[in-house]
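Biologist: Hi! Could you walk me through this structure in plain words?

Modeller: Happy to, let's have a look together.

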Amino acid sequence: MQPDLQRRVQRYGWDKAVDFYDRAWRQQLEPGQSLMLEKANIQPGEHVLDVACGTGLVTFQAAELTGTDGEVTGTDLSDKMVENAARFASEKNITNVGFKQMDAESLSLPDSYFDVALDAFGTMYYPDPVQSFREKNRVLKQGGRISVAVWGKRDRCGWAEIFPIVDARVKSEVCPMFFQLGTGDTLAYSLKEAGFRDIQTERITTKLHYDNADEALGAAFKGGPVALAYARFDENIRREVHEEYLASIELFRNDIGYAIPGEFVVGWGVK
Ligand SMILES: C[S@@+](CC[C@H](N)C(=O)[O-])C[C@H]1O[C@@H](n2cnc3c(N)ncnc32)[C@H](O)[C@@H]1O
């Protein structure tokens, strides 16, 4: 897929996902976000960058860790995500965060300014993940830390059929390289290629819990990366994709809903 097209699909897709995102993913992504934050080891007073901040689930936790002597900048490609996070900060009077719309591969931020760079579950969506790590490297001070979380191997993510199901009905794939970073040592190699040292990674298995089929469908189709394609489907196509997706996760249905397996990889290192 052309990089510009991929960015447009992401930008406007996540705009559509904004109102569904927290409900669909807050609890599901928490184990990966927490491990990423633990490995970042944020200290009071530090300057923290949170790339692909979305609604700010990680940004606001980072802001608590760095305290009012520090500051956190959240950036995201989606204007609606950035607006939503900024509104929340203003409503809650959280003064040590700021949000800006920008592409992870081209950060309009100064060199050597941040102590810590974070990215939770954004990197799989970028056309060039290594370039996004180079940009984080550029804006970090010497000795600054990076900590990122991505999805793991495709065959450990029980919800993965969502992509071929949607791709079969659109002109170009939604997330062509989605599982690449979570396969083998790709994340560590990519961080190294971007100039980081002392790189470590940890893989964690998890379960995505949904109370019922509607919740599972909402998370998959409305709250995530296929939201743009889904918004353009008519009622018949929607019915078809719902049926196919529910069939693909049937194995993971239990008495109280769904427990879909997932895997995260967290990687961290130093500039
Ligand atoms: C799964 S959400 C993660 C949000 C947040 N980090 C969290 O953990 O809840 C992925 C985010 O990546 C953003 N994104 C996708 N492509 C991007 C790009 N090229 N540059 C910056 N952000 C991007 C989307 O807009 C979306 O908000």
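Biologist: What classes of residue make up the shell around the ligand?

Modeller: The shell around the ligand holds 13 nonpolar, five polar and three charged residues. Here Ala, Val, Leu, Ile, Met, Phe, Trp, Tyr, Cys and Pro count as nonpolar, Asp, Glu, Lys and Arg as charged, and the others, Gly among them, as polar. One caution: this is a predicted model, where local features need pLDDT of at least 70, side-chain atom pairs count only at pLDDT 80 or more, and totals for chains, interfaces and linings use all residues. Numbering starts from 1 along each chain as its sequence is written.

Biologist: Which residues come nearest to the ligand?

Modeller: Of the 21 residues around the ligand, those are W14, A52, G54, A104 and A120. A residue counts as near if its C-beta atom, placed from the backbone, lies within 6 Å of the molecule.

Biologist: And which elements give two or more residues to that shell?

Modeller: Those are α1 and α2. The largest share, five residues, comes from α1. Helices (H or I, at least four residues) and strands (E, at least two) are DSSP runs, numbered from the N terminus.

Biologist: New topic, helix α3. Which of its residues are buried?

Modeller: M81, V82, N84, A85 and A89 are the buried ones. Buried means 20 or more other C-beta atoms within 10 Å of the residue's own, exposed means 12 or fewer, and partly exposed is in between, with C-beta atoms placed from the backbone.

Biologist: How are they arranged around the axis of α3?

Modeller: Seen down that axis, the buried residues fall within an arc of 165°, so they line one face of α3. The arc is that of the directions from the helix axis to the C-beta atoms. The face turned away from the buried side carries exposed S90 and E91.

Biologist: What covers the buried residues of α3?

Modeller: The cover includes α1 (3-40), α2 (57-66), β2 (71-76) and β3 (97-101).

Biologist: Back to α2 for a moment: is L65 buried, exposed or partly exposed?

Modeller: L65, found in helix α2, is partly exposed, with 17 other C-beta atoms within 10 Å. The C-alpha atoms of L65 and I42 are 6.1 Å apart, although the two are separated by 23 residues along the chain.

Biologist: Last one: how many helices and strands does the chain have?

Modeller: The chain has nine helices and eight strands. Buried residues make up 45% of its 271 residues.

Notes. Two residues are in contact if their C-beta atoms, placed from the backbone, lie within 7 Å.
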